[in-house]
Amino acid sequence: MRVSVYIAASLDGFIARPDGDIAWLTAFPDSDGEDYGYYDFLDSVDAIVMGRHTFEKVLTFGAWPFDDAKRVVVLSSTLAALPDDLPATVTLANGAPAEVLAQLVTEGIEHVYLDGGQTVQKFLAAGLVNRITLTHLPILLGQGIPLFGPLSDDISLRHVKTQSYASGFVQSTYDVA
C-alpha cells in the first residue's frame with residue numbers, strides 16, 4: 001500500500017487560520033486554470049482518508065467534490081453518523097492508522113490520499129506515509145493550524161522534485177525515507 005499526502009500550506013507552514021478558515025488558499029491569481037497536478041494525483045489514488053475537521057470543511061464546499069465511486073474514510077472519534085446525502089463509498093472509522101490501512105488493504109485499496117493536519121501527523125508518527133507533495137503558497141499567516149506537529153523521532157525525507165508556478169506557488173515532492 002502507498003500512502004500519499006498532497007496538501008497546500010502557507011510559507012510559514014499553516015494549512016488554515018486558527019479558526020479553520022482556508023479562504024486565503026483562493027486569494028491568488030488563477031494562473032490560467034492551473035490545478036498544480038491535483039486532478040492527476042486524485043485519479044491515481046484508490047481511497048481518501050481524512051480527519052473530521054477536513055471532512056466538515058469539505059461539506060461547506062457545496063456539492064460533494066469527489067467521484068461518487070471514490071472510497072472516502074472519515075476518521076473521527078466523535079461523529080456518530082454521516083449525512084445521508086453522501087455516496088455509500090463514504091464511511092466513518094475510529095481506529096489507529098495501521099488498523100485503518102489494514103481494513104483498506106482487505107478492500108483491495110493500493111494507494112491512499114491522506115488529508116488533514118492531524119491525520120497527516122498521526123500517520124507520519126506511525127511511519128505509514130510514503131510520499132509528501134507540499135505546495136507552499138506565497139503568504140505568511142503568522143499563526144494557524146500547522147501541517148506538522150511535534151514528533152518523537154526525526155523523519156528523514158528524500159527530495160524527488162520541486163516545481164515553481166507563475167502564481168508564486170512552489171510545489172515540492174518528497175519520499176519518506
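This note covers the overall fold and the salt bridges of a predicted model.

1. Fold. The protein has four helices and 10 strands. From the N terminus, the order is β-β-α-β-α-β-β-α-β-α-β-β-β-β. The radius of gyration is 16 Å, close to the 16 Å from the globule rule for 177 residues, so the protein is as compact as a globular protein of that length. Along the principal axes, the C-alpha atoms fill a box of roughly 40 × 40 × 30 Å.

2. Packing and surface. Of the 177 residues, 40% count as buried. Take the contacts between residues at least 6 apart in sequence: 68% of them join residues at least 24 apart. The accessible surface is about 9,600 Å², and 51% of that belongs to carbon and sulfur atoms.

3. Charge. The protein carries 10 positive and 22 negative charges, and their mean positions are 4 Å apart. The structure holds five salt bridges.

4. Arg 71 and Glu 107. Their closest N and O atoms are 2.7 Å apart, in a salt bridge. The pair links distant parts of the chain, 36 residues apart: Arg 71 is in strand β4, and Glu 107 is in the loop between α3 and β6. Arg 71 counts as buried at 17% relative accessibility, whereas Glu 107 is partly exposed at 35%.

5. Asp 175 and Arg 131. This salt bridge also has its closest N and O atoms 2.7 Å apart. It joins strand β10, which holds Asp 175, to strand β7, which holds Arg 131. Asp 175 is buried, at 16%; Arg 131 is partly exposed, at 32%. A network of salt bridges links Arg 131, Arg 158 and Asp 175.

6. Arg 17 and Asp 21. Their side chains meet in a salt bridge at 3.6 Å, N to O. Arg 17 is partly exposed at 31%, and Asp 21 is partly exposed at 27%.

Terms used:
Residues are numbered from 1 along each chain as its sequence is written. This is a predicted model: local features need pLDDT of at least 70, side-chain atom pairs count only at pLDDT 80 or more; totals for chains, interfaces and linings use all residues. Side-chain values use heavy atoms; hydrogens and water are left out. Helices (H or I, at least four residues) and strands (E, at least two) are DSSP runs, numbered from the N terminus. The radius of gyration is taken over C-alpha atoms; the globule rule is 2.2 Å times the number of residues to the power 0.38. Buried means under 20% relative accessible area, exposed over 50%, partly exposed in between (1.4 Å probe, protein chains only). Contact means heavy atoms within 4.5 Å. Accessible areas come from the Shrake-Rupley method with a 1.4 Å probe; for residues, only the protein chains shown count as cover. Lys and Arg count as positive and Asp and Glu as negative; His and the chain ends are not counted. The place of a charge is taken as NZ of Lys, CZ of Arg, CG of Asp or CD of Glu. A salt bridge is a side-chain nitrogen of Lys or Arg within 4 Å of a carboxyl oxygen of Asp or Glu.
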